[in-house]
Amino acid sequence: MGDRAPPTLQQLSRESLLKEEALAISAVVAGLPRLMLPAMFFEGAFRNNQTNILRAMVPAWPFTCLPVGALMKTPHLETLKALLDGLDVLMTEEACPGVGKLRVLALTDVDSGFWSIWTGTYEKDCCHQDTRPKKPVEKCPYSGVKNYLSLVTDLKLVNSQLGECAMYLWRWAQQRKGSVHLCCRKLEVLESYYLSDAMDILRSVDLRCIRELKVRTLWIEDMVPFGPYLGQMRNLHTLVLERFMNTFRIGEAEELEKDVMNTLFSQLPKLHCLQHLYVDDIYVLVGSVAQWLGCLKKPLETLSITFCHLIQRDLDYLPQCLNLSGLKHLCLSQTILEEGLEPLGKLLERVKDTLQTLDLEKCWLEDSAFSAFVPALSQCSQLLRINFFSNKLSLPLLRRLLHHTAKLHKLTEELYPVPLECYDDRGLVFRETFDEICSELLDILRCERQPKAVRFVSTICPKCYQCFVYGLDSGHHCLCGP
Ligand SMILES: [Zn+2]
Ligand SMILES: [Zn+2]
């Protein structure tokens, strides 16, 4: 508290203005200095929730973009209404050129740097934990010349419905179609058992604007009507498909599933920008990885296949797939991988100069499976993060593995399973053996390099449901074991 700087003159004048709402509004309308507006907007709108002042500030906003999403982490209907009312004033004031400059209202969490520059207090007040720099909002090429304003937003359909705020925004934009471009950058369709109810919304959005699509828990039959919408998302760079369900009767399943999947495969080649593919708990992937990946038109940066089942045919295809040649992130966590993992070794050799993360958590692989790709692993010199937690490896295999990963000097995070020798036949961990063995294993890495974050983690204790953890400077034991 002692070294807190005294308030500046500008800060004091802002504070006193904000106390007098009518005065503040007339000052905004009369034209406050440009420098004062962002800080006043930030304090008035988001600290004190003064929606009347906010409404008055929108038409007077001196910049082309108002990145309000960085401030409004959870949508707030009254604030949104005030902003949109302000936009209405701005659009009717078009006759007075030079007054309002605003063209983009960004409701997504982008460009937080704007607020840091203009207010100085943003980081502190917003408890901003995500320190990645947020890019400024780019102008959407599909906003059209006629459209006066762009509303950049993410949309989430849960059970085919939009939330209260998104629904208000969507209706508002629909009523002003001629002058407003609703620019949806990320679309989530979750638990939408009756997708047909959401078609109005899907039809009204310009699908070319969507960069990220997540579809979770959809009847697999719905992929047929949904397919053509997917195909129009030409600028999609991230596709997340989670859990398809089916209502097919035994006997008709195979034929119908084939139709559904053909619809999907016919759309994937249209996604020219796709770089990140996440497939989770999709049972129809079994045996058809070649079709999924082969029809893509651009090499992937991320391939994540989790909670699935890959048979030998699928694994054999991986090193042959041209679309995986520049892979940066590979995740096969919780996926059942059939025994022969030589193809995974071949894939690692192919991507040795690009691969940054490798995740094989909870694959329950044994020594023989791991041996097939361990030598290739040491060639992946760009690896930053590996996760082999919950695999059934012996001490000799883990020693071998660590001699290989010890050569990977860029690793910043490493997660290994505890060797089988540490467990008794009830699955409880021998405490002393655990400490001795983990310390010995850690030394293998230390002989070669200074590890940054390493953890050896046991499976969950069947009695207390906790794990044993051995790290560089921390650890955890449960007290159930021998
Ligand atoms: Zn757009
Ligand atoms: Zn325990």
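Is Cys165 buried or exposed, and at what relative accessibility? At 14% relative accessibility, Cys165 counts as buried, where buried means under 20% relative accessible area, exposed over 50% and partly exposed in between (1.4 Å probe, protein chains only). The structure is a predicted model, in which local features need pLDDT of at least 70 and side-chain atom pairs count only at pLDDT 80 or more, whereas totals for chains, interfaces and linings use all residues. Residues are numbered from 1 along each chain as its sequence is written, chains are lettered from A and ligands numbered from 1 in the order in which they are written, and side-chain values use heavy atoms, with hydrogens and water left out.

The zinc ion (ligand 1) is coordinated at 2.2 to 2.3 Å by Cys140 (SG), His181 (NE2), Cys183 (SG) and Cys209 (SG). Donors are N, O and S atoms within 2.8 Å of the metal (3.2 Å for Na, K and Ca); water is not among the atoms, so sites may look incomplete. Because the four donor atoms subtend angles of 103 to 114 degrees, the arrangement around ligand 1 is tetrahedral. Four donors count as tetrahedral if all angles lie between 85 and 135 degrees. For four tetrahedral donors the ideal angle at a metal is 109.5 degrees.

Along the chain, the donors of ligand 1 follow the spacing C-x40-H-x1-C-x25-C. Distant parts of the chain are linked by the pair Cys140, in the loop between helix 7 (122-126) and strand 3 (149-158), and Cys183, in strand 5 (residues 180-190), 43 residues apart. Helices (H or I, at least four residues) and strands (E, at least two) are DSSP runs, numbered from the N terminus. Cys140 is buried, with a relative accessible area of 4%, and Cys183 is buried at 0%.

Cys478 is buried at 4% relative accessibility, whereas Cys480 is partly exposed at 24%.

The structure holds zero disulfides, a disulfide being a pair of cysteine sulfur atoms within 2.5 Å. For Cys165, the nearest cysteine sulfur, that of Cys184, is 15 Å away. The sulfur of Cys295 lies 9.7 Å from the closest cysteine sulfur, in Cys321, which is too far for a bond; Cys295 is buried at 14% relative accessibility.

Terms used. Four donors count as tetrahedral if all angles lie between 85 and 135 degrees; four count as square planar and six as octahedral if opposite donors are over 155 degrees apart and all others between 65 and 115; anything else is irregular.
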